[in-house]
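Visitor: I would like a close look at a single part of this model, taken slowly.

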Amino acid sequence: MTLKKPRSFELTIPSRLEEMQAVHKLIGQAVKEYKLSDELAHWMELTISESMINAIQHGNQSDPAKEATLKISSIGDAIEIIVEDQGCGFKLDTIADPTDTANLLKPSGRGILIIRSFMDEVDLSEREGGGCRLRMVKKIRGNSR
Amino acid sequence: MSMVLNARRLDDVVILDLSGRITMGEGTLVIRDHIQKLLNGGDRKFLLNLSDVDYIDSSGLGELVTSFTTVRNHDGQLKLLNLTKRVQDLLQITKLLTVFEVFNSEAEALKTMK
């Protein structure tokens with residue numbers, strides 16, 4: 001008997017926030033395929049959405065001629081998520097800490113903190129051909145969140 | 001599910017019952033516009049009931065912070081009521097629990113706003 005390998009999911013969208021509906025739909029399909037708990041599914045949706053919004057707004061500067069790509073796949077006991085853009089809006093080590101007293105009342109800057117608090121691995125690298133590649137890994141065995 | 005906002009008034013406190021998702025775009029603008037109109041009309045005390053909100057993204061959090069600072073700049077008060085576990089966790093992660101006063105009972109919240 002051979003076990004069926006879980007599907008992988010991929011989506012490329014123009015950099016418009018209206019396209020986020022398709023992103024949420026794809027995440028919904030992925031969490032169903034990977035049979036994630038409601039809690040894991042919630043945080044997965046939130047953090048992947050945050051990373052795609054970052055790619056659209058900061059990476060691609062909301063230029064609809066530029067594309068953002070999302071890939072979700074199962075790697076053993078973990079889910080790997082890759083988000084690529086054609087810009088490069090930030091560096092992980094230079095982002096201001098939104099929990100610092102001086103930044104607490106700022107309206108933005110919390111997306112990466114939320115992503116880091118949930119994901120087990122977060123790496124940002126240059127994408128081949130220009131732009132950025134954000135790779136996130138979430139271990140799903142023995143994790144309720 | 002997009003966000004729905006219903007306002008009710010108890011004495012001089014406006015209670016905004018929010019439900020659905022507070023996310024980038026329409027949902028956040030609804031809160032901002034509603035509070036701004038109430039401020040323009042003279043209201044200064046706001047209680048945001050989040051019992052039916054279990055999804056807020058970073059833009060939604062930003063909007064709560066902006067509403068808080070806008071109300072405070074008008075010498076008013078904005079407090080939060082009935083956080084779901086997920087929203088509570090999010091406010092904990094972002095340390096916004098140190099900014100907002102949070103209540104699990106409407107009566108208790110109202111007592112502090114007299």
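How many bridges join strand β2 of chain A to strand β3 of chain A, and how do the two strands run?

Guide: This is a predicted model, in which local features need pLDDT of at least 70 and side-chain atom pairs count only at pLDDT 80 or more, while totals for chains, interfaces and linings use all residues. Residues are numbered from 1 along each chain as its sequence is written, and chains are lettered from A and ligands numbered from 1 in the order in which they are written. Strand β2 (residues 67–75) and strand β3 (residues 78–84) of chain A are joined by seven bridges and run antiparallel; strands here are DSSP runs of E with at least two residues, and helices are runs of H or I with at least four, numbered from the N terminus. Within this pairing, Ser74(A) has Ile79(A) of β3(A) as its bridge partner. Two strands are said to pair if DSSP finds at least two bridges between them, and in chain A five strands form an open sheet with antiparallel pairing, in the order β1-β2-β3-β5-β4. At the edges of this sheet are β1 (9–14) and β4 (121–126) of chain A, each of which pairs on one side only, and from one strand to the next the twist averages 15 degrees. Helix α1 (residues 20–33) of chain A lies across β1 and β2 of chain A, and runs at about 175 degrees to β1(A). For such angles, axes are lines fitted to C-alpha atoms, for helices over the stretch in contact (C-beta atoms, placed from the backbone, within 7 Å), and the angles run from 0 to 180 degrees between N-to-C directions.

Note on methods
Contact = placed C-beta atoms within 7 Å.
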